[in-house]
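Biologist: I would like to learn how to read a model like this one. Please take it one feature at a time.

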Amino acid sequence: MLLHDTALVYGRYLRQSLRSRFALLFGVLTPLLYLLFFGPLLTDLPLGGEGSSWQLLVPGLLLQLGLFGALFAGFTVIIEKGQGVVERMRVTPVNRLALLLGRALRDATVFVFQAVLLVLAALVMGLRAPVAGVLIGFAFVALLTLSLASLSYALGMKVRTPHEFGPLINAVSMPSILLSGLMLPMTLAPAWLDALSHLVPFRYLVDAVRDAYVGRYTSAHMLYGVLVAVGFTVLAVTVGTRVFRTAGA
């Protein structure tokens, strides 16, 4: 029943996304602009890592795409609560975990699709990376989206208005972006800032995807990235499910 219910919820929200093709394509605009206008500035700079500047920048942009989009996913729950959609779902026998997974898996599908578009644009601009590394990057985007969307939906169930939701998300997203090394490797930072960045879980995902883009699939960064991504996803889905159950979603 869990798989059946998840498929029903997933299909419902995926159809909503497909009806809004403009929003689907517009979501990739910000990282694409970084790619077009920021990427060429790094071409000849020593960035302290293996591979080209594109192999350092594109993994960060992929995870930025998932991070930004998934964190703000909870806005839809706040809107649905106001429209009575959540209340109508509450009286159905649908599994509460399915209500969360269906939404979050839709988000993962959308952002992986946008990640594919971003990588295609990067290939045109000069990115060269092994196919296996690119696919690993998509897998990390999916896990990051699934985990952050689950937490975002849980937060959306707890707050009452978008005005409360927005500042909380900004308070999380900005330090995460600055300390995870999305734009530039944290190895370029002072020692104290590099040490502080290890407290941010997204740092390990960025390092893992960058290693994948240069063909290093058995590095310590890859191991830590996989462990953090899987562990964080399990924790986030567990927390999100508990909130959905207690909130009567």
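**Reading a helical model**

Modeller: Tyr34 has its place in helix α3 (residues 29–37). Helices here are DSSP runs of H or I with at least four residues, numbered from the N terminus. This is a predicted model, in which local features need pLDDT of at least 70, side-chain atom pairs count only at pLDDT 80 or more, and totals for chains, interfaces and linings use all residues. Residues are numbered from 1 along each chain as its sequence is written, and side-chain values use heavy atoms, with hydrogens and water left out.

Biologist: Is Tyr34 buried or exposed, or partly exposed?

Modeller: Buried means under 20% relative accessible area, exposed means over 50%, and partly exposed is in between (1.4 Å probe, protein chains only). Tyr34 counts as partly exposed because its relative accessibility is 35%.

Biologist: Which residues does Tyr34 touch, not counting residues up to four places away in sequence?

Modeller: Contact means heavy atoms within 4.5 Å. By that rule Tyr34 touches Gly39, Leu57, Leu61, Gln64 and Met183.

Biologist: How many residues has helix α7, and how far does it reach?

Modeller: The expected span of a helix is 1.5 Å times one less than its number of residues. Helix α7 (residues 96–125) has 30 residues and reaches 44 Å from its first C-alpha to its last, close to the expected 44 Å. Just after α7 comes Gly126, with a positive phi of about 130°.

Biologist: Which class does Arg103 fall into, buried or exposed?

Modeller: Arg103 lies in helix α7, and it counts as buried because its relative accessibility is 2%. Leaving out residues up to four places away in sequence, Arg103 touches Val9, Tyr13, Val77, Glu80, Met89, Tyr153 and Phe244.

Biologist: And what is Val112 in contact with?

Modeller: Val112 is also found in α7. At 21% relative accessibility, Val112 counts as partly exposed. Setting aside neighbours within four places in sequence, its contacts are Phe138, Val141 and Ala142. The C-alpha atoms of Val112 and Thr145 are 8.9 Å apart, although 33 residues separate them along the chain.

Biologist: Where is Ser17 found?

Modeller: Ser17 is in helix α1 (residues 2–19). Ser17 counts as buried, at 13% relative accessibility. Beyond its neighbours within four places in sequence, Ser17 is in contact with Arg106 and Val110.

Biologist: How are two packed helices described?

Modeller: Two packed helices are described by the angle between their axes and the distance between the axes. Axes are lines fitted to C-alpha atoms, for helices over the stretch in contact, and angles run from 0 to 180 degrees between N-to-C directions. Helix α8 (residues 131–158) and helix α9 (residues 162–180) pack at about 145°, with axes 10 Å apart.

Biologist: Which residues meet there?

Modeller: Ser152, Leu155 and Gly156 in α8 meet Phe165, Leu168 and Ile169 in α9. The residues of this contact divide into four nonpolar, two polar and no charged. Ala, Val, Leu, Ile, Met, Phe, Trp, Tyr, Cys and Pro count as nonpolar, Asp, Glu, Lys and Arg as charged, and the others, Gly among them, as polar.

Biologist: How many residues are in the largest nonpolar core?

Modeller: In soluble globular proteins, nonpolar side chains tend to be buried together. A nonpolar core is a set of buried Ala, Val, Leu, Ile, Met, Phe, Trp, Tyr and Cys residues joined through side-chain atoms within 4.5 Å. The largest one here has 65 residues, and those with the most contacts inside it are Val58, Leu62, Leu63, Val119, Phe140 and Tyr213. Leaving aside neighbours within four places in sequence, Val119 is in contact with Val58, Leu62, Leu127, Val134, Phe138 and Tyr213.

Note on methods. Helix = DSSP H or I, 4+ residues; strand = E, 2+ residues; numbered from the N terminus.
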